[in-house]
Amino acid sequence: MPEIIELNVGGVSYTTTLATLQQDKTTLLAELFGDGRDSLAKDSKGRYFLDRDGVLFRYILDFLRDKALHLPEGFRERQRLLREAEHFKLAAMLECIRGERDARPPGCITIGYRGSFQFGKDGLADVKFRKLSRILVCGRVAQCREVFGDTLNESRDPDHGGTDRYTSRFFLKHCYIEQAFDNLHDHGYRMAGSCGSGTAGSAAEPKPGVDTEENRWNHYNEFVFIRD
């Protein structure tokens, strides 16, 4: 077995050392690149092939090299990484991932949206699902970034006061309220309360492209999520 190992993990190429792969003798990688190396498949370029998530494998290698977990800000695939660590039998990495999750600071994030019911050509007889114009995000800046990552639009509230400040002016780059809920759930938040209200449409002539009947059915909703 050469000291330098060429890997193809799910289509992503890596170069590492045999010492790194065998750093923890209790892992599946140490087993595969020890006595089990004869059973390993190779691709057309002679690289050892592992049929796992190639993108997440970089964090597996980083952990074996540094014995520490280094994840980027706003990382949103902890559950998938946990599954990869379980597959490779990385007990120390599993402990770090779970410990990081348990150590997340408590907080509160409020999600709000203004929208209307969308009407079809038959009016009230053809009411469609809600139409959202924007999903607002209120809370501590650092926690909002942790939960929503790249989907968070901060253009209305530029970062002048650091991550310890609070904001009520962030909004999301998409209009899928269920996706926002999934993000919050994945980061340990639970819904603590919600409220909604209907608003009467303006008596003035609606803007071009706004249906007159639809304009009468505007509504605003807020959902409060907490993490203990």
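Here are some questions and answers on the sheet, a helix and the salt bridges of this predicted model.

Local features are taken at pLDDT of at least 70 and side-chain atom pairs at pLDDT 80 or more, while totals for chains, interfaces and linings use all residues. Residues are numbered from 1 along each chain as its sequence is written, and side-chain values use heavy atoms, with hydrogens and water left out.

Reader: In what order do the four strands form the open sheet?

Author: Strands here are DSSP runs of E with at least two residues, and helices are runs of H or I with at least four, numbered from the N terminus. Two strands pair if DSSP finds at least two bridges between them. The pairing is mixed, and the open sheet goes β2-β1-β4-β3.

Reader: Which strands stand at the edges?

Author: An edge strand here has a single partner, so one side of it is left without a neighbour in the sheet. That puts two strands at the edges: β2 (12-17) and β3 (41-42).

Reader: Which residue in β4 does K42 stand opposite?

Author: β3 pairs with β4 (residues 48-50) in the antiparallel sense, over two bridges. Opposite K42 you'll find Y48.

Reader: At about what angle does helix α3 run to β2?

Author: Axes are lines fitted to C-alpha atoms, for helices over the stretch in contact (heavy atoms within 4.5 Å), and angles run from 0 to 180 degrees between N-to-C directions. Helix α3 (residues 57-66) lies across β1 (4-9), β2 and β4. Its angle to β2 is about 10°.

Reader: How many residues apart are K89 and E31, which meet in a salt bridge?

Author: A salt bridge needs a side-chain nitrogen of Lys or Arg within 4 Å of a carboxyl oxygen of Asp or Glu, and this pair has N to O at 3.9 Å. K89 sits in the loop between α4 (78-87) and α5 (91-102), E31 in helix α2 (residues 28-32). So the pair links distant parts of the chain, with a separation of 58 residues.

Reader: Are D157 and R165 buried or exposed?

Author: Buried means under 20% relative accessible area, exposed over 50% and partly exposed in between, with a 1.4 Å probe and protein chains only. D157 and R165 form a salt bridge, their closest N and O atoms 3.2 Å apart. Both residues are buried.

Reader: How many salt bridges does the structure hold?

Author: Among them is the one between D62 and R65, at 3.5 Å from N to O, and D53, E77 and R80 are linked in a network. The count for the structure is eleven.
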